[in-house]
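Student: Could we go through this structure together? I would like to begin with its surface.
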Amino acid sequence: MDWYFDNPDFTLCTQDCWLRLRHLSHVPGEKGLWQLKKGRRIPIGTASGSGSTVYEEMEGDQAIDIVKGLLETDDVTGNDANSDDGDATLDGYPMPQIPRMGEYRMKAFARIETTRSSWKTCATTNVESDEVYNNITIDIDTTDFGYTVGEVETVVTFDEEVDGAKVIVQQVIILINGEESSGSLPALGKLETYLIQNRPEVYEACVKSGSMKANR
């Protein structure tokens, strides 16, 4: 289960930064893990305007500290900050509180329960292209609002590796689908779908800022 947080101005999500509290189980008392995914646009190839978005992922205190830095840069603190946050709810569920961030007026804007099936590749070789598929993660997520989506992901260390990683990921998708899919549009993500259905004001702010694309 994931809770996503931002302030009333949507300062984080309009910068393609996504702060969430992830619970990996329904065990009572499980505190969850704070995570931040921070998008960054890098140039790919030589075509004008070409590029790719990569996400840096941080966890725990590091994630909270980076978020505080982003909010302080935008001067979004306030004295009316969350004195009653202990009673705040979203969709009828008590809202978790973010440690050390009371003055930033942070509230949850999405709560998504997900059943996930995951696979991770070993070092295998495609005999046709002689490409090695190593450490590729494949996730299939089914949400509590009835949406199912798959994701193929790999991790790189340097920007120069992104172009090659995209090729490998696309080849894995083709192997899964059994057909060429380069002409098809990417599926909507589960958070994107949730926002379209339940929080259109957040989705519209993200589209306007460029952190999400308009629903096609």
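Tutor: Accessible areas come from the Shrake-Rupley method with a 1.4 Å probe, and for residues only the protein chains shown count as cover. The model is predicted: local features need pLDDT of at least 70, side-chain atom pairs count only at pLDDT 80 or more, and totals for chains, interfaces and linings use all residues. Residues are numbered from 1 along each chain as its sequence is written, and side-chain values use heavy atoms, with hydrogens and water left out.

Student: What does the accessible surface of the protein come to?

Tutor: The protein has an accessible surface of about 12,800 Å², and carbon and sulfur atoms hold 50% of that surface.

Student: And what percentage of the residues is buried?

Tutor: Of the 216 residues, 37% are buried (under 20% relative accessible area, 1.4 Å probe, protein chains only).

Student: Which residues touch the most other members in the largest nonpolar core?

Tutor: A nonpolar core is a set of buried Ala, Val, Leu, Ile, Met, Phe, Trp, Tyr and Cys residues joined through side-chain atoms within 4.5 Å. The largest has 22 residues, and Phe5, Leu12, Leu19, Val67, Ile98, Met101 and Met106 touch the most other members. Helix H1 gives this core its largest share, five residues.

Student: What does Val67 touch?

Tutor: Leaving out residues up to four places away in sequence, Val67 touches Leu12, Leu19, Leu36, Met101 and Met106 (contact means heavy atoms within 4.5 Å).

Student: Which residues does the second, separate core include?

Tutor: That core has 14 residues, including Leu191, Tyr194, Leu195 and Val202.

Student: Changing topic, how many helices and strands are there?

Tutor: The protein has four helices and twelve strands, taken as DSSP runs (H or I, at least four residues; E, at least two) and numbered from the N terminus.

Note on methods: Buried means under 20% relative accessible area, exposed over 50%, partly exposed in between (1.4 Å probe, protein chains only).
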